[in-house]
Amino acid sequence: MNAVAPILSLSGLCHSFGGLRAVDQVTFDVTTGGITSLIGPNGAGKTTVFNIVSGVLAAHAGNIHFGGQPIENSPPHRVAALGIGRTFQAPRVFPEMSVLNNVMVGSRLRGEGLLSAILQIPSHGREVREARKRSEELLGAFGLLHRAHETAGRLSFGEQRFLSIARTLVARPSLILMDEPTVGLDDVGLAKLTDLMRRLVSTYGATVLLIEHHMETVMSISQKVVLLVQGAVVTTGTPEEVRNSPAMLEAYLGKKHSA
Amino acid sequence: MNYLLHVATVILLYAGLVASLNLLIGHAGILSFAHASFYGIGAYVTAMLTVYAGWDWLPAVAAAVVATAAIAFLIGVPTLRLGGDYFILALFGFQLIVVDVILNLDDVTNGPFGIRGIPRPSVSDYGLASGWPFLIGTAVVTGVVFLIVRRIVTSPLGGKLHAIRDDETVAAALGINVARTKTMIFTVAAALAAVIGGMTAFYFRFVEANAFNSEVMILLLAMAFVGGTRSLWGAVAGPTILVLFPEIFRFIGPVGVDLAKVQQGLYGLLLVLLMLFRPLGLIRPRERDSQ
Amino acid sequence: MLVAQLVINGLGAGAIYAFVALGFALIYNATGVLHLAHGAVFALGGYAFYTAVVLLKMPIPVGCLVAVCASAVFGIAIEKLVYRPLRARKSEHASSMIASIGVLTLGQSVLGIVFGTDSLAMQTEPLKTISVFGLYLNYVHITAAVLALVIFSAIQVLLVRSQFGRAIRAFSDNPKLSRVFGINSDHVNTLVYGLGSGLAAIAACLISFDSGIRPDVGFSMMFTALVAVIVGGAGYLPGAAAGGFLVGLLQGLSLWPFSARWQEVTVFAVLIAFLLIRPQGLFGYSMMIRRA
């Protein structure tokens, strides 16, 4: 058991679409400074949980605590400002902006207002230059610096994937929600990604909550696994515990299939 | 010569208007169908303050800008936070009714007769009468509008606008307050349109509601899309083409054709053709956003 | 008594809005396109009716049929010549809307050139009315009510029972999946535009008796129809029709405190009220946010 309080704590979370309970009394903690994986068959409600945490969907019941603060039903920009970053199933880069600008948009500068734009206040100009430096460093770490001024829509799928992650990281979130980041990556990309996630935790002290189908990845990098089936948490534990649990077998091989 | 000055002034006025519209359509992804109405409100408030209340030109324009911005803000707040097609409809409706309101409040606005006798501005005892001085004054004002637009677009705020344009959900996940940013830029664009409205009132010395109706809005859209909604050059090219073309027609075109009736139809046809064949405008913008 | 008469008149106008709104909602739900050019289709129907009945001396039902056919052809042509190529090019959602406004403007302009900009009336004497419980109902009111009852029921049956109707509903729900099941989007679209445009034509026939036909009637009618669709709830077809009646009713009632020239502003006020309080409409179906 961790002595440190969990960075994210969901309790009794519910959300229904029409008559369908997509998220049903979901309760689990995300250990601070580690990688927690959210797994489950298709349609289990994993992305819906992400949407509720990040503020895109309302919590019809239950609450969410982030760093001790209740954040359920906060709007998405506020959730992001509190330090929760999020990537999506598709890379969703801004296709018509340059690679560098994609990352810089994520940097949440203080001097981003109207007046500062029109009057070009010098101190804000400095902030912009610093943000550009940080963004370029990130791009360098991802091997994308040489494409910095190309239109993001032109990048390959794998490159876009890493660009979208860089864009989320530039604001230095303390919790990162990643929705199936391995989709579409080849072996090289996969290795890069898992290495990245480990470094996020060890070097930057971030916490990652991961939705993944790729079981090898889940087993090799997670400290904790949460199994979601038809909107409800069926079991949680270490990767080994969950992999060997009867609930797991039933979920993936047995009677319980996606809705 | 006077004629050329007139055409140049008209083009400059439209250019400023289109630049402010581009801010919304091309950079923020807000398809505002109400832009001509803010142009009109700016013109009318300027006219009413100078003619009925005897104000000087500068405070009158300033007040017109503030009033228009306030109205834009009030309309923007409830509509822009609703996504999708709702705000397009609300703005479409607003454009339609503003003309109605202006015509109906005839105690204040003189109804369909419009307001006449708007005085020309003067800068330190040097009156901006017709001709060169006014053209230069217009060029200065439009230049300032262009400068403001350019500075916004190349700043971090511009990055936020582009993000909102390209993918609102992701923009919000990056910490951008989408509704507030959209409302803010909508208000700014309306304020810029109001400035041009004031200049228009001074130039023609007469305002009437139908100079700011949905037909004018169609013309603005045509100008914006012809030039390309992301480029300041386009904001000059579009008005130039669409102002000069009918003028040329007037000299060499077939006799007996009522040009005014045909013009609107041609603008509509132009919009359709542009959407089908040249959605980026006739002037291709540089591929990446500048910054 | 005056209020009751305003209610009757309002519902009469509302029936006309209901036809246009239903046609528009049908198209919007099936295709996601904000087909503002529907206003031009509406106007064309009115002029076709006028041409058939007044200029060519055809009987009124035949004239109505002519109008319906003319509008249907025009609506389908717009779909084939404008929206389909835009879809094929994977254009942005906004592009089809702007093209639609372009068609609306172009259509109005052409009609204005051909028929002139004055209002054309179907007859010179005022409408005959009958008196029911002291209230006056004119023939437009009665015809509109009857037609609405018959045609809306027929459409409801069509959508629920027929194969065509099922195809439309499947397509509205999930276009990609529908294609997988072999529902031909082109066919569905053609039928939807034809049907929707026909409904607009019927409304135009009715209105031509009421207030005559003008080329620029399209913009204003489209706005009112859109408000009706939002009031009813954009994703729900009977809601669009109900919304039409409600908007007509509110507009009619507004004549009690305000003069007639505030009618459009009343409609706008209704829109803003709904957007602020209940954007999903009376029946709770939000407008779909379609992205390219």
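Tutor: A crossing of two helices is called left-handed when the near helix is turned anticlockwise from the far one by less than a right angle, and right-handed when it is turned clockwise. By that criterion α10(C) and α11(C) cross in the right-handed sense. The model is predicted.

Two packed helices are described by the angle between their axes and the distance between the axes. Here, α10 (residues 237-253) of chain C packs against α11(C) at an angle of about 130°, and the axes are 9 Å apart. The pair therefore counts as oblique, because an angle has to be over 145 degrees to be roughly antiparallel and 65 to 115 to be roughly perpendicular. From α10(C), the residues in the contact are C:Val247, C:Leu250 and C:Gln251; they meet C:Gln263, C:Thr266, C:Val267 and C:Val270 of α11(C). Sorted by class, this contact has four nonpolar and three polar residues, with no charged ones.

Between chains C and B, 38 residues of chain C are in contact with 34 residues of chain B. On the chain C side, two or more residues each come from α3 (60-88), α4 (93-115), α9 (217-232) and α11 (263-277). The largest share is that of α4(C), with 15 residues. This side of chain C has 29 nonpolar, seven polar and two charged residues.

Chain B has a contact with chain A as well, which takes 31 residues from chain A and 27 residues from chain B. Helices α2 (76-82), α3 (99-105) and α4 (114-119) of chain A each give two or more residues to the chain A side, and α2(A) has the largest share with four residues. By class, the chain A side divides into 16 nonpolar, nine polar and six charged residues.

Chain A also contains an open sheet of six strands, in the order β6-β7-β8-β3-β9-β10, with mixed pairing. Its edge strands are β6 (84-86) and β10 (232-237), and the twist averages 20° from one strand to the next. Strand β9 (residues 224-229) of chain A pairs with β10(A) in the antiparallel sense over five bridges, and A:Val225 stands opposite A:Gly237 in β10(A). Helix α1 (residues 46-53) of chain A packs on this sheet, and its direction makes about 145° with that of β7(A).

Notes. Residues numbered from 1 in each chain as written. Chains lettered and ligands numbered in written order. Predicted model: local features only at pLDDT ≥ 70, side-chain atom pairs only at ≥ 80, totals over all residues. Contact = placed C-beta atoms within 7 Å. Nonpolar A, V, L, I, M, F, W, Y, C, P; charged D, E, K, R; others polar. Pairing = 2+ DSSP bridges. Axes fitted to C-alpha atoms, helices over the stretch in contact; angles between N-to-C directions. Parallel < 35°, antiparallel > 145°, perpendicular 65-115°, else oblique.
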